[in-house]
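Welcome! Here is a short tour for anyone new to reading protein models. Take a look at the picture, then follow the points below.

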Amino acid sequence: MTLAEIEKIMSLLGSLGLGAVIGASAVYLLLKSFLPSYLSEKGKNLATKEDVASITDKVESVKTDYAKVLEELRSNNQLKLAAIEREKNIKKEVYLQAVEALTRTQNVVGTLPNLNAEAQNITSGMLNDSGLIAKVQIVGSEKTVKAVTTIMASIGTVIMELMLERGILVDRKKEIELLEGLCSKTQSEIDRYISIMKNLNLEGNQDKRLWDTINNSVQFETQQRDKFYQEIGELWKTQSKEHLEFTQMCMNRFFEITSLLPDAVLAVREELNLTISNDAYLDIFNKNIEQGKKVFDDFFKKISDRQA
């Protein structure tokens, strides 16, 4: 209802008398003052409720989308963490096998003085372990790969050099064993002739030619035996001296290779987040190396004093 319509009603009521006019006036004022405000406020309330509903829907939609994003991020993070953990476990397995193989390969240097060990057995073990060590190049960081490669190159160079020196000792050892075998044969012949001589004595055999033949044979075999013994003695004198020097050389090379280990160990620990103070580790490592050197130096000095 508009104000114009209300005024028409008031005019109609005016024709009806003063009381009606007053009542109509009151109604007119009420409608004029309150109704527009009421209708306007009513409209605002309706608009507000609709707006609130719309905003609520949008908020819920945003919350839902945000929850989806969070869940996606959480899922992606879990996948990334799982991948990182798998990678770390793979690295741990590779590094543990590589360390064991590297230790065995390094220890080959310490076993070279054992001249009874076959060269083929030594190299075959190294070939098997080199495959385990090579895996480091696949999973290792640049620092780790460089450190391990440096150690392997050093071990290979040292072993090749020492194998050449070792070959001389092995050949001399075989020569000594050959002469010892000849000595054993000549001694057996001497023992056989002595047994024959005993039997001839028991039989009372006085055949001069037979006795001369046996005596000459005994003399010849004895000379051969003594000659072999002399050669063996000279060879052993050289062999003992050079074998000791070779053993000392092997241990020196062993400690030189060992000094390269900290770079690899610290690189691996850094990759696996196994923190340790570099200075503390190096202090522990160097003290052990110095102690090992001292033990071997004392040992070689005692051996040298005995041979002097």
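At what angle do helix 7 and helix 8 pack, and how far apart are their axes? The angle is about 140°, and the axes of helix 7 and helix 8 (residues 278-307) lie 11 Å apart. Keep in mind that you are looking at a predicted model. Let's start with the whole chain and then come back to these helices.

**The whole chain**

- The chain has 8 helices and 0 strands, so reading along the sequence gives the pattern α-α-α-α-α-α-α-α.
- It holds 308 residues, and 25% of them count as buried.
- Its accessible surface comes to about 21200 Å², and carbon and sulfur atoms account for 58% of that surface.
- Look at contacts between residues at least 6 apart in sequence: 80% of these join residues at least 24 apart.

**Helix 7 and its two partners**

- Helix 5 (residues 142-203) packs against helix 7 (residues 261-271) at an angle of about 155°, with 8 Å between the axes.
- Because an angle over 145 degrees counts as roughly antiparallel, helix 5 is roughly antiparallel to helix 7.
- The crossing of helix 5 and helix 7 is left-handed, whereas helix 7 passes helix 8 in a right-handed crossing.
- Where helix 5 and helix 7 meet, helix 5 brings Lys143, Thr144, Ala147, Val148 and Ile151. Helix 7 brings Leu261, Asp263, Ala264, Ala267, Val268, Glu270 and Glu271.
- Towards helix 8, helix 7 uses Leu261, Pro262, Val265 and Leu266. These meet Asn278, Tyr281, Leu282 and Phe285 in helix 8.
- Which residues of helix 7 are buried? They are Leu261, Pro262, Ala264, Leu266, Ala267, Val268 and Glu271.

- Asn273 lies in the loop between helix 7 and helix 8.
- Is Asn273 buried or exposed? Its relative accessibility is 54%, so Asn273 counts as exposed.
- Most residues other than glycine have a negative phi. Asn273 is not a glycine, yet its phi is positive, near 60°.

- Lys91 sits in helix 2 (residues 18-111). With a relative accessibility of 13%, Lys91 counts as buried, because the cut-off for buried is under 20%.
- Which residues does Lys91 contact, leaving aside neighbours within four places in sequence? They are Val139, Glu271 and Leu272.
- Thr105 is also found in helix 2, and Thr105 is buried, with a relative accessible area of 1%.
- Not counting residues up to four places away in sequence, Thr105 touches Met126, Asp129, Ile133, Met152, Ile155 and Ile159.
- Thr105 and Ile122 are 17 residues apart in sequence, and their C-alpha atoms are 9.2 Å apart in space.

**Helix 3, a length check**

- Helix 3 runs over residues 119-134, which makes 16 residues. At 1.5 Å a residue, helix 3 should span 22 Å, and its end C-alpha atoms are 22 Å apart, so the two values agree.
- The buried residues in helix 3 include Ile122, Met126, Asp129 and Ile133. Met126, Asp129 and Ile133 are among the residues that Thr105 touches.

Notes: Residues are numbered from 1 along each chain as its sequence is written. This is a predicted model: local features need pLDDT of at least 70, side-chain atom pairs count only at pLDDT 80 or more; totals for chains, interfaces and linings use all residues. Side-chain values use heavy atoms; hydrogens and water are left out. Helices (H or I, at least four residues) and strands (E, at least two) are DSSP runs, numbered from the N terminus. The expected span of a helix is 1.5 Å times one less than its number of residues. Buried means under 20% relative accessible area, exposed over 50%, partly exposed in between (1.4 Å probe, protein chains only). Contact means heavy atoms within 4.5 Å. Accessible areas come from the Shrake-Rupley method with a 1.4 Å probe; for residues, only the protein chains shown count as cover. Axes are lines fitted to C-alpha atoms, for helices over the stretch in contact, and angles run from 0 to 180 degrees between N-to-C directions. Angles under 35 degrees count as roughly parallel, over 145 as roughly antiparallel, 65 to 115 as roughly perpendicular and the rest as oblique. A crossing is left-handed if the near helix is turned anticlockwise from the far one by less than a right angle, and right-handed if clockwise.
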